[in-house]
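Please consider the sequence and the three-dimensional model shown below.

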Amino acid sequence: MKRKIIIDSDTASDDAVAILMAHRFPDVEVLAVTIVSGNMRVEDGSRNARYTIELCGAQTPVYVGCARPLLREPVHAYWYHGADGMGGMNYSEPKLPEQDKHAVDALIDLVRAHNVGAIHESPLLVTLGPLTNIAAALIRAPEIAKMISRCVVMGGAANVVGNVTPAAEYNIWCDPEAARAVFRSGMNLEMVGWEVGRGDAALTEKEIADVYALNTAYAKFAMDCNVHALQLAKNWQGDPGMTLHDPTAMAIALDPTVSKRSGRYRVDVETRGELTRGMTVVDERHTVGTQKIFTDEWAVREKNVLVHHELDARRWKELLYNCFK
Ligand code: BDR
Ligand code: CA
């Protein structure tokens with residue numbers, strides 16, 4: 001039986017690679033791609049996701065969801081991913097249509113419909129954008145939290161510097177209230193922060209050339225659409241090459257053994273901080289419960305998230321390249 005995956009995405013260039021990976025994985029069935037506002041407006045995210053699915057020769061349904069965060073103004077990142085979100089490649093308009101149903105309804109219906117066997121047979125949810133759609137689904141149908149085998153979140157920065165502020169990573173910062181609702185929902189959560197895709201996990205110029213040398217449409221697409229992001233990763237982030245944040249989360253979702261170092265902690269999201277909006281506060285020292293004095297807020301909270309700190313760079317790249325062959 002194939003593993004069932006639902007992908008929630010604000011599809012820009014690295015989301016597209018993650019969507020491609022799931023479609024290229026042999027034992028995986030992608031039930032749907034749901035689109036959320038984030039790096040892209042939803043209309044651009046939908047177009048980029050449908051183009052990617054078509055490239056994979058698939059017909060995966062794409063549902064458009066929330067066009068803005070729960071409470072905040074939308075802030076997009078065309079400056080990072082290019083004017084089309086795909087490195088300025090201006091790919092043709094996909095023929096695959098959008099579904100009529102709203103993404104939040106689709107998420108609820110799909111999770112319920114597949115709630116038939118053991119929990120490990122239930123859908124795996126991989127989130128590659130702000131958590132607005134997921135929070136909205138959980139508000140409408142909180143019981144679905146326990147009908148998802150794993151929810152792997154690309155987002156956050158586990159006690160390290162963020163990418164939009166010193167305290168926060170974009171996906172969580174963009175809609176911190178939604179992220180907080182999801183982190184407190186009781187779902188079986190895993191967090192892959194942006195730091196996981198940095199350093200050795202980034203693709204160097206030589207590795208990018210190696211990928212192009214595979215000479216497949218998938219390899220070319222994955223590298224081409226990230227050219228713009230590559231420049232920003234090197235010149236703005238100070239990374240040694242192409243950082244593929246969503247694909248690193250997808251790799252861990254598809255094969256958890258790619259993760260080299262992880263820990264289970266209480267994680268919550270800062271929504272009110274003056275300088276720390278969207279900070280993922282990871283109780284890495286398990287301070288909660290070991291102190292004589294702590295706030296009520298933390299006292300009642302369990303360890304709720306498996307945080308991945310680091311992946312095996314060699315194995316991650318091997319997995320990625322295999323998806324391009
Ligand atoms: C996140 O924002 C985008 O750059 C990527 O698609 C990823 O989801 C990283 O902060
Ligand atoms: Ca994304």
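Which residue just after α2 takes a positive phi? The residue is G57, with a phi of about 70°. This is a predicted model, in which local features need pLDDT of at least 70, side-chain atom pairs count only at pLDDT 80 or more, and totals for chains, interfaces and linings use all residues. Residues are numbered from 1 along each chain as its sequence is written, and side-chain values use heavy atoms, with hydrogens and water left out.

Helix α2 covers residues 42-55; helices here are DSSP runs of H or I with at least four residues, strands are runs of E with at least two, and both are numbered from the N terminus. From first C-alpha to last, the 14 residues of α2 reach 20 Å, close to the 20 Å expected at 1.5 Å a residue (1.5 Å times one less than the number of residues). Eleven of the 14 residues are buried, meaning under 20% relative accessible area with a 1.4 Å probe and protein chains only. Among them are V42, R47, Y51 and I53. The buried residues of α2 pack against α1, β2, β3, α3 and α9, contact being heavy atoms within 4.5 Å.

Rolling a probe the size of a water molecule over the atoms shows where empty space is left. The lining of the largest cavity includes I6, L125 and M187. A cavity is a set of points, on a 1 Å grid over the protein atoms alone, where a 1.4 Å probe fits but cannot get out, and lining residues have an atom within 4 Å of a point.

Conventions: Chains are lettered from A and ligands numbered from 1 in the order in which they are written. On a 1 Å grid over the protein atoms alone, a cavity is a set of points where a 1.4 Å probe fits but cannot get out, and a pocket is an open set with protein on both sides within 12 Å along at least five of seven lines; lining residues have an atom within 4 Å of a point. Buried means under 20% relative accessible area, exposed over 50%, partly exposed in between (1.4 Å probe, protein chains only).
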